[in-house]
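Hi there,

Here is the structure I promised to pass on to you. Please open it beside this email and follow along as you read.

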Amino acid sequence: MTAAWTIVVLVGLGTVAIKSLGPMLLGGKPLPRGVSALVALLAPALLAALVAINTFADGQSLAVDARVLGVAAAAVATWRKAPVLLVIVLAAGTTALARALGA
Amino acid sequence: MPAPERSHRDGVRQVAPLAIAVVGFGASFGVLARAAGMGVVSPIVMSATTFAGSAQFAAASILGAGGGITSAVTAALLLNARYGPIGVSVAPYLRGNPWSRFVHAQLTVDETWAVAAEGEGRFNPKVLLGAGLTLYAAWVGGTAIGVAFGDLIGDPATWGLDAAFPALFLALLVPQLTTRDARLAALAGALIALVLTPFTPAGVPIIAASAGCLVGLRRARGTTTS
């Protein structure tokens, strides 16, 4: 099995299990308060890391390149409450334009 | 006077504008997954089984950056860990047989969960199902469109598609920064990831960034407000 298929199968099984946990197993009993407070903070921590890595990481080194301009455009669009699709298109378009101009 | 009870159709109607964006979002996953070396079929199967955008993008980006299987799977599942408590929150409103509960559970994602919420912690399962099936079709269909046209794209960097990843994660992150703890967790996560990047294999910094959620320990140990 290729790496891609291994990932597809494992992430698929794991996600199905996580989503099923409450409705199928717990029968509506809430998580302990401390646990759910931490789990709620996982998403912002991980998403911010993904923003940072995908903006600045180039393999194992950090770089400032045309991606930064795209992400800056995305930040402005997000701040102006633009739809997600527009945010993505603006980021890609800005970075592509910067590269075409030799940035 | 109580509002009339919402139906499946209301779920479809309320996510319809979002569904158009989700087709585009699914297409960008298809293009990026293909560029990351996932081929044609596996991105579509992933959208059909995982049905969770940020986790799928994370797995594809780690694979494309040369990260290992363990890193990709762990990062994706950590991103989906929020569906544990989200599932718990809707569980009391999912009646019917186990098969029906299973389908509702799989269709419970950020957007459908938000649309199905009726305030005071109550959820409408019909709205959840209508919205969920609509977004599912949009996501899987969009992915298929993306992989179909993926090889016409050539080098994704020419089109700035590498900037699409962080832009998307930013767009998903910002609405979550509603509390001080969430902003602290995000800041900590970003810093941990950047500091570790030069010293660890791709993927590891993102998993380590999950430690950013520990900023919530102060709150959990502190006064229990309700």
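To begin, how many helices and how many strands are there in chain B? Chain B has twelve helices and zero strands. Please keep in mind that this is a predicted model.

**The two chains**

Taken along the principal axes, the C-alpha atoms of chain B fill a box of roughly 60 × 50 × 30 Å. Of the 226 residues in chain B, 58% are buried. If you take the contacts in chain B between residues at least 6 apart in sequence, 71% of them join residues at least 24 apart.

Chain A has four helices and two strands, and from the N terminus on they come in the order α-α-β-β-α-α. For chain A the radius of gyration is 19 Å, well over the 13 Å that the globule rule gives for 103 residues, so this chain is more spread out than a compact globule. Its C-alpha trace spans about 55 × 40 × 25 Å along the principal axes. Buried residues account for 49% of the 103 residues in chain A. Among its contacts between residues at least 6 apart in sequence, 37% join residues at least 24 apart.

**Where the chains meet**

Now look at the two chains together: 89 residues of chain B are in contact with 69 residues of chain A. On the chain B side, helix H9 (residues 161-173) gives the largest share, with 13 residues. Sorted by class, that side of chain B has 60 nonpolar, 24 polar and five charged residues.

Helix H4 (residues 84-100) of chain A packs against helix H1 (residues 8-35) of chain B at an angle of about 40 degrees, with the axes 8 Å apart. H4(A) and H1(B) are therefore oblique to each other. Here A:Val84, A:Leu85 and A:Ile88 meet B:Ala21, B:Gly24, B:Phe25 and B:Ser28.

**The core**

The largest nonpolar core has 115 residues, and those with the most contacts inside it include A:Ala45, A:Leu46, B:Leu32 and B:Ala59. Helix H2 (residues 33-56) of chain A gives the most to this core, with 16 residues.

B:Ala59 touches residues of both chains: leaving out residues up to four places away in sequence, the list is A:Ile7, A:Val11, B:Ala72, B:Val73, B:Ala75 and B:Ala76. B:Ala72, B:Val73, B:Ala75 and B:Ala76 are among the buried residues of H4(B). Nine of the eleven residues of helix H4 (residues 69-79) of chain B are buried, so this helix is largely enclosed by the rest of the structure.

**An exposed spot**

Is A:Ala63 buried or exposed? With 11 other C-beta atoms within 10 Å, A:Ala63 is exposed. A:Ala63 lies in the loop between strand S2 (61-62) and helix H3 (66-79) of chain A. Leaving aside neighbours within four places in sequence, A:Ala63 is in contact with A:Phe56 and A:Asp58. A:Ala63 and A:Leu85 are 22 residues apart in sequence and 26 Å apart in space, C-alpha to C-alpha.

Enjoy exploring!

How values were computed. Residues numbered from 1 in each chain as written. Chains lettered and ligands numbered in written order. Predicted model: local features only at pLDDT ≥ 70, side-chain atom pairs only at ≥ 80, totals over all residues. Rg over C-alpha atoms; globule rule 2.2 N^0.38 Å. Buried ≥ 20, exposed ≤ 12 C-beta atoms within 10 Å, placed from the backbone. Contact = placed C-beta atoms within 7 Å. Nonpolar A, V, L, I, M, F, W, Y, C, P; charged D, E, K, R; others polar. Core = buried A, V, L, I, M, F, W, Y, C linked by C-beta atoms within 7 Å. Axes fitted to C-alpha atoms, helices over the stretch in contact; angles between N-to-C directions. Parallel < 35°, antiparallel > 145°, perpendicular 65-115°, else oblique.
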